[in-house]
Number of protein chains: 4
Amino acid sequence: MTVGPMNTPEPIPSARWARIRLFAMDVDGILTDGRVFIGSDGTESKAFSVIDGLGLARVREAGTEVAWISGRPSGATAHRAGELKINRLLQGRNDKAAALREILEETGIAPEDTCYMGDDLIDVPALQLAGIGISVPEACDAVRRHADWITARSGGFGAVREICDLILESRDS
Amino acid sequence: MTVGPMNTPEPIPSARWARIRLFAMDVDGILTDGRVFIGSDGTESKAFSVIDGLGLARVREAGTEVAWISGRPSGATAHRAGELKINRLLQGRNDKAAALREILEETGIAPEDTCYMGDDLIDVPALQLAGIGISVPEACDAVRRHADWITARSGGFGAVREICDLILESRDS
Amino acid sequence: MTVGPMNTPEPIPSARWARIRLFAMDVDGILTDGRVFIGSDGTESKAFSVIDGLGLARVREAGTEVAWISGRPSGATAHRAGELKINRLLQGRNDKAAALREILEETGIAPEDTCYMGDDLIDVPALQLAGIGISVPEACDAVRRHADWITARSGGFGAVREICDLILESRDS
Amino acid sequence: MTVGPMNTPEPIPSARWARIRLFAMDVDGILTDGRVFIGSDGTESKAFSVIDGLGLARVREAGTEVAWISGRPSGATAHRAGELKINRLLQGRNDKAAALREILEETGIAPEDTCYMGDDLIDVPALQLAGIGISVPEACDAVRRHADWITARSGGFGAVREICDLILESRDS
């Protein structure tokens, strides 16, 4: 994983964002900066962005499903998902694309109407499956080259909010 | 919410700062960097700046009311407010302008004599209501364009202290 | 407190460092990045740098007294001081210069043989009292202009270690 | 410890990475950003990177031993090592080279087939002993000049993952 120049793909047309009915995403590195704070007493915590939370609430109210798919099971993630009422939370899933496919089958949503956001190699198949694949500036080249768009903000610092706003703006226009 | 070029408004004249009798502000993203640390045991914490705390204490001693208006109820915010003796703490209020208006009515302070500081879309009506509206470099364009001034420091890293110092310096001169 | 251009004072000659028998410092903003993590359960924590800790241990072994003078009483600071065996810990002291003078009287060390490190306005009298006054890049202009030297690293990220190394190198040469 | 220009050594040939049978590393500053979060209740925590964890798991599955050698004993480090199933965890060892030598004797691995990663002066002898010595951009000049390579990413933010990927890529080719 080397840090290379950012690819600069074309902006995604608003009409494609307007189709999105499911916004699924990895957790560590996307909703957080990829760090886990581990305590001497075994507790762990993670830093989530308040502006991401507000954005996800609006996206859901606007009728788009939200799902979190995480490789690493974490009580901190479960608590944050509960607070934001994310009812599609899949943890312990390194097979991101298979997990995403399960959600598509359950909901009857087509892959083309799905946006997936991820930052590591295990996210690549899901980035390819989804109609719109998004990554973050910190992701390695091998991941970013499979993304349709790279957010300006970093994971855990509003990257998810950027995508929420693009989805919401496509509804307004 | 896209990250655009910072608007560079004119510096606010000292005479306008000298009128400020109420300094009201959003919490997440202004007094913090907008991140909530969530633990596997359900506890949450937030990072507040010590220099902001010293600045707010001085502003209050100099006779300016201080108020915090937060959309997201948080025990961490309540503890920090208690430590700094912020007695006007309104939590669970996404209707920032309405909350600000309540404080103005209670205190009899005019909107023109008020400074409000916020970073998200729900803060915009309060930024417009207050005599001086302030935002931070991280805020999105849609918020920053409604601010009279953008701090040099980031939220949670001394942005509030900058405004405290401008208020205090206007008293000295 | 505005963020201005860094002053670039002349490097302090090794002979002056060689005289230092007391290295005293502020805590928040110097040994940390000035942030306090406050939990919903009322606990608080602060982030200290491991390389600072190693540096302070070496300075003390080399015969230089170490003292921490903090305005804000904190259990986190007390625990870190205990771990590093800092026996001169003065908390709840906003009168930094008076506190420093007490240590000088107790130890019989002359102000000229003292280095003080601080980042806020309340630190200025102590910066002026000490033979060598040090600040950090984040400090405001009003503080930095009273410092003999500004560290390259930020408070909480090795700023204290830089000064430890300058003291230790002066002993070797 | 002064912050100097980064040395820019030659890239290490893939054939040298392919020989690595032991990847040993310091903890604070390498697997973390060198900060310890200390609470008012005496608990401590550290921030570990999830992408580093995934990388180390893959390196071990590919048959390379992984060892952590830390100067400062920490429950947080022990918990993270347990989670990642790092069975070679040596804590309280400031004599890093001696600790590394013990592992080499136990495993029968030659120094030339070892990669060591460290960021402080006490790591230098181990950096010199190992076939490949790695440091991070934050390390001081006195350490970096003894390293064969400096990662692009910072300690605690994927520096270890970079090395994991170099080891793994050398196996594929």
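What follows is a short chat about the pockets, interfaces and cavity of a predicted model.

Me: Ground rules before we start?
Reply: This is a predicted model, where local features need pLDDT of at least 70, side-chain atom pairs count only at pLDDT 80 or more, and totals for chains, interfaces and linings use all residues. Residues are numbered from 1 along each chain as its sequence is written, chains are lettered from A and ligands numbered from 1 in the order in which they are written, and side-chain values use heavy atoms, with hydrogens and water left out.

Me: How much space lies in the largest pocket?
Reply: About 820 Å³. A pocket here is an open set of points on a 1 Å grid over the protein atoms alone, with protein on both sides within 12 Å along at least five of seven lines. Grid points are joined across faces, edges and corners, and the volume is the space filled by probe spheres set on the points.

Me: Which residues lie nearest its centre?
Reply: A:Phe157, B:Phe157, C:Arg35, C:Phe157 and D:Arg35. The lining of the largest pocket has 49 residues. A lining residue has an atom within 4 Å of a point.

Me: Switching to interfaces. What do chain A and chain B bury between them?
Reply: About 2,000 Å², with 56% of it on carbon and sulfur atoms. Buried area is the accessible area (1.4 Å probe) that two parts lose on being put together, summed over both. A:Val50, A:His79 and A:Arg153 supply 26% of the area that chain A buries against chain B, more than any other three residues.

Me: How many residues does each chain put into the contact?
Reply: Chain A gives 26 and chain B gives 21. Contact means heavy atoms within 4.5 Å.

Me: How many salt bridges across chain A and chain B?
Reply: Three. The rule wants a side-chain nitrogen of Lys or Arg within 4 Å of a carboxyl oxygen of Asp or Glu. A:Asp33 and B:Arg35 form a salt bridge, at 3.5 Å from N to O.

Me: Polar contacts there, how many residue pairs?
Reply: Seven between chain A and chain B, both residues at pLDDT 80 or more. A polar contact is a pair of N or O atoms within 3.5 Å; within protein, one must be able to donate a hydrogen and the other to accept it, and residues adjacent in sequence count only if both atoms are side-chain atoms.

Me: What supplies the chain A side?
Reply: Strand S3 (44-49), helix H2 (50-61), helix H3 (75-83) and helix H7 (159-172) of chain A each supply at least two residues of the side that touches chain B. S3(A) has the largest share, six residues. That side of chain A has nine nonpolar, six polar and 11 charged residues.

Me: Now chain D against chain A. What area is buried?
Reply: About 2,000 Å², and carbon and sulfur atoms give 56%. D:Val50, D:His79 and D:Arg153 lose the most area to chain A, together 25% of what that side buries.

Me: How many salt bridges between chain D and chain A?
Reply: Three. D:Glu83 pairs with A:Arg72 in a salt bridge, the closest N and O atoms being 2.6 Å apart.

Me: Where do chain A and chain C stand?
Reply: They do not touch; their nearest C-alpha atoms are 12 Å apart. Chain B and chain D do not touch either, with nearest C-alpha atoms 12 Å apart.

Me: Last topic. How many cavities of 30 Å³ or more?
Reply: One. A cavity is a set of points where a 1.4 Å probe fits but cannot get out. The largest cavity has a volume of about 30 Å³.

Me: What lines the largest cavity?
Reply: Its lining includes A:Leu31, A:Phe48, A:Trp68 and A:Arg80. H2(A) gives the most, with three residues. By class, the lining of the largest cavity has five nonpolar, two polar and two charged residues.

Technical notes:
Helices (H or I, at least four residues) and strands (E, at least two) are DSSP runs, numbered from the N terminus. Ala, Val, Leu, Ile, Met, Phe, Trp, Tyr, Cys and Pro count as nonpolar, Asp, Glu, Lys and Arg as charged, and the others, Gly among them, as polar.
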